[in-house]
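Open the model in your viewer and keep the selection panel to hand. The stops below go from whole chains to single residues.

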Amino acid sequence: MRREEIRVCIVRVGGTNCDAETKRSFEDLGVKAFVYHFNEVSQGIDLLDYHILVFPGGFAYGDYVRAGVIFAKNVMARMGKKIIRFVDEGKPILGICNGFQMLVESGLLPGINGVSEHPEAALATNIPIGYRCKWVYLRHENNGKCVFTRLIPKGRVLRIPISHAEGRFLLPRDREKEILNKLLENDQIVLRYCSENGEYAEGRYPDNPNGSFHDIAGICNPEGTVFGLMPHPERAYYGWQLPDWTRIGKPPRYGDGKMIFESVVQYVMRKF
Amino acid sequence: MNKHLYIKKDLPFEIYEINILEADEKDLLKISKEMGLALNLEEMLTIRNYFLQKHRNPTDIELQTIGQTWSEHCYHKTFKGLIILPDGREIDSLFKTFIAKATRELNMPWCISVFEDNAGIIHFEGDYGIAVKVETHNHPSAIEPFGGAATGIGGVIRDVLGVWADPIACMDVLGFGPLDYDFSKLPPGIKHPRYIFRGVVDGIGSYGNNMGIPTVNGAIYFDESYVGNVVVYCGCVGLLPISRYVKNARAGDHLVLAGGRTGRDGIHGVTFASLELTEKSEEVSRPAVQIANPIEEEKLKRAIMAARDLGLASSITDLGGGGLSSAVGETAYKFKCGASLKLDNVPLKYSNMAPWEIYISESQERMLLTVPESNLDKVIRIFMNENVEATSIGKLTSDSVLKINYKGFPVAELDIPFLFSPPKFRRTAKFIKLKLKEPFFPEPKDLTKDLLEILSSPNVASKESVVRTYDHEVKGNTVLKPFCGRNNGPSDAAVIKPLDDSWRGIVISCGINPSYGKISAYWMAASAIDEAIRNNAAAGGRRVALLDNFVWGNPEKPDRLGSLVRACAACYRFSKGFRAPFISGKDSLYNESPLGPVTPTLLITAIGVVPDVRKTVSMDLKEAGNLIYIVGQTYAELGGSEYYRIKGFLGKSVPKVRLKEARRNIRAITRAIDRGYVRACHDLSEGGLAVAAAEMALASGYGLEIWLRNVPVADDLRRNDYILFSESNSRFLVEVPVKYKEAFESTVRGAHHALIGKVRGDGSFIIYGLNRDPVIHAGIEELIDSWKKPL
């Protein structure tokens, strides 16, 4: 499939607020991206006409319950079957920040045994507690399963900002080890918080900015087509978005976030 | 309620007739007080005369409507009134005489709408304009910090929506009492600064973050006078296609109320804001604080942008202070129409609200659009698609009369011209001569301790722990962020790149100097203007527009009014002198509590542009070996300085602004930045040269050495400590690579400047005194520790 034939569906509801910059990132790569209100996605348009589905950042429905939960229930109740078909066709789904929270709440991630009825992980309140907007270092951990990071060499350190109050990735405590091993076995761990030099944060603040288990910042499903991450790659897409481009003198053309968008576009080009 | 004055009407809902025709002066004041109108006797008499001519008594909703419209908050009586000076001269409107006059005389072609609408609008690029508004939300934040601050942000965002602009950035400047304030000194009814601080910070973060608007610039200031009067400034910048700036409503258009439902929250917010705070404020005025729902406003914003892009509405305004009463009244007045309302159509949070409550409620997240009949269905559908309620509540009429019906009965009929011609205020101003003295104390040999103490003083110390709780990255357009350098130094300004296909940027900065206000309101205002403009220039901004936001005490007290007059006079002179017009502003008066009045505080917000964001300069040092220049001359101006404060003095020698020098310095900086000679630039403000140099160093992790004997000073300045800590305006520190030495020097040659140091690779911070001995010697880590510890 040619680049310009690729159609990206970005879904928003009341409280979604990172849709415009996410759309801009995809469009810069020459694909067509559309932002639709969930009202339109669930009634008007046919999701299966699109090749990539994105749940962008924000505070869907205010996140007044648990972050992402209302959105997840709404989506799965009203169009769960379509979403599952979308996944079964090998089409990629991206969840950024609030979108990641939504993917976990909907059971699409980690999805070790397919889409689960109940969430199998959580993105809990940050430790230390509070909303935090800052740039973090991430180490790419994936061996090639995740279609969103195939262009990124394993071990490469990325710099992308986070901005959230609930990003602490957790697994059920009594099965923590077991599930972690499963995730490793399936090559589902994609990004881990690390230091500037790429050493794992090992839970230490501020390199691990929210207390995430195993420093996990992003995971994919066993097929590698559904990817959720707390950091915002659309805010690290262009070089002028970097926090320290003034140190270099002139901004580079692109930031590290670009590779995530480019990877998935190339995957779709090859696959369909 | 008193039977004689309030007569319940025999209607199927609660409504009273107010018997003002038979009321004497005492009764009139009693009515004003009991109904929470905050109107004085002259105003009440004017109202009585109006109804005498009509041969009838007003209803409660009519009287409330007048009270809201004539409130200080809505009508700005002080700024529009007549002021008698001690020498007998009169000022007819502070606003016209000073603020608007500068703008009118400057007559900049890039000013598109100034002072007229909800926000000022200036040209940006092509068809795009920038809309800006800054508001205060002090009174509500004192009673309920979280809700007060959140709705402050919500309100100013609606102001920007109210000129059809898409909100793209927020700013907030906050003033609190000292966080370690002694509990036992708090009078009843005043909340502890720490409680207010937490609530306000959380409230601002929650609203801005939830709406997805980056909070990119601001300041936090601590002052004893803010214990009883918290200061909360909320600002918002928006972007709009100027061709979509539609304001042409006409008779027959529907009045469409969109957004959240109307409830009892926020009743009498504006009249509350026009009174001093007292022990009873909490009890009496709690309902005046509204409840925030940022997600509702986010949806509302989407729908408004869609309606704008389709050109379906003929005008728009926000519902803020005064609720429907001021939005409907102002819309009708602006388009020389009347209005006929069916109040039953207003969607309510719960039934059983009295008509007057519905009409003046300040429930949040509501906007009023005027829509031609033929577009009504389309507009309502747009809102529905975003899950937002929108309802026609009436129409504009051609008769200049406001008519309100409720459940089939007329409940109000007022002439719009009457509503907008309150009696003019006459107030007297007095200029107080303060008995201030310049302190004398011996010059300390070593100033390292003093520098560290100033770095850790709350007004200078890092605000990172607060600012990180605000999302400054959302929308992905923040080019220069609140922090820069490896160690998160404080940026002078924020730079936003709002258009995908253009490198042009918006530069946002502010200036605020409350401590100078304790010495001279005039020089405080001048300094705030200089600071806002130089912060802007330091990042690469130019073509600056200004916003003024006054926070003052009770203007009915002649000394408070006197200092206000002085500050306004400075606004005129320096706005004109810097060729930086005011485009919008707002005053918050009556900031008085049992602890006394607020320190006169003027926030100046500066909005500049930078032709190419890739030329933006940050304040952190970039490379060892680079040269450090100072641009601007240093005077013995330590009055109100941080240095005097830590020594226990206020002093008298407040920093002045010398326009000629200031303009030359700023021009020199802009030229040098444009030519690419500047690697880092930082303005000198609180703590003077020493703090600016320390901030540049600690932000970067590089060391720095400075040679004080090279610093250009006025003749009488011979002390190391004064040169280091003087807060003279219009000065910059600039980092220049050695290879640009000559080119830079010739670029800035018109301005006072000197090579005063260089960047060191070893992380030590050394300042050599006039006799070449080090007067400050510290490691960068020490500076960072002092600067980051306090908050």
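Predicted model: local features only at pLDDT ≥ 70, side-chain atom pairs only at ≥ 80, totals over all residues.

Residues are numbered from 1 along each chain as its sequence is written, chains are lettered from A and ligands numbered from 1 in the order in which they are written, and side-chain values use heavy atoms, with hydrogens and water left out.

**Stop 1: chain A**

Select chain A and colour it by secondary structure. The C-alpha trace of chain A spans about 50 × 45 × 35 Å along its principal axes.

Now colour chain A by accessibility. Of its 272 residues, 63% count as buried (buried means under 20% relative accessible area, exposed over 50%, partly exposed in between, with a 1.4 Å probe and protein chains only). For contacts (heavy atoms within 4.5 Å) between residues at least 6 apart in the sequence of chain A, 76% join residues at least 24 apart.

**Stop 2: chain B**

Switch to chain B, which has 27 helices and 35 strands. A compact globule of 791 residues would have a radius of gyration near 28 Å, and the 27 Å of chain B agrees with this. Its C-alpha trace spans about 90 × 55 × 45 Å along the principal axes. Buried residues make up 69% of chain B. Of the contacts in chain B between residues at least 6 apart in sequence, 82% join residues at least 24 apart.

To put a distance on screen, pick the C-alpha atoms of B:A743 and B:G148: they are 52 Å apart in space and 595 residues apart in sequence. B:A743 sits in helix α26 (residues 741-747) of chain B and is partly exposed, at 24% relative accessible area.

**Stop 3: salt bridges**

Over all chains the structure holds 64 salt bridges, each a side-chain nitrogen of Lys or Arg within 4 Å of a carboxyl oxygen of Asp or Glu.

- Select B:D309 and B:R308. Their closest N and O atoms are 3.0 Å apart. B:D309 is partly exposed at 42% relative accessible area, whereas B:R308 is buried at 10%.
- Select B:E556 and B:R427, a salt bridge with 3.7 Å between the closest N and O atoms. This pair links distant parts of the chain, 129 residues apart: B:E556 is in the loop between β24 (542-551) and α21 (558-577), and B:R427 is in strand β18 (residues 426-428). B:E556 is partly exposed at 47%; B:R427 is buried at 9%.
- Select B:R542 and B:D674, whose side chains meet in a salt bridge at 2.7 Å, N to O. The two are 132 residues apart, with B:R542 in strand β24 and B:D674 in helix α23 (residues 659-674). B:D674 has 30% relative accessibility and counts as partly exposed.
- Select B:K133, B:E135, B:D159 and B:K586 together; salt bridges link them in a network.

**Stop 4: backbone details**

Most residues other than glycine have a negative phi, and most peptide bonds are trans. The picks here depart from one or the other pattern.

Return to chain A. Where is A:P110 in chain A? A:P110 is in the loop between α4 (98-105) and β5 (122-125), and a cis peptide bond joins A:L109 to it, with omega about -5°. The peptide bond from A:I127 to A:P128 is also cis, with omega near 0°; A:P128 is in the loop between β5 and β6 (132-140).

In chain B, select B:N488, which is not a glycine but has a positive phi of about 60°. B:N488 lies in the loop between β20 (483-484) and β21 (489-490) and is buried, at 18% relative accessibility. Finish at B:R579, another non-glycine residue, with a positive phi of about 55°, in the loop between α21 and β25 (582-588).

Notes:
Helix = DSSP H or I, 4+ residues; strand = E, 2+ residues; numbered from the N terminus. Rg over C-alpha atoms; globule rule 2.2 N^0.38 Å.
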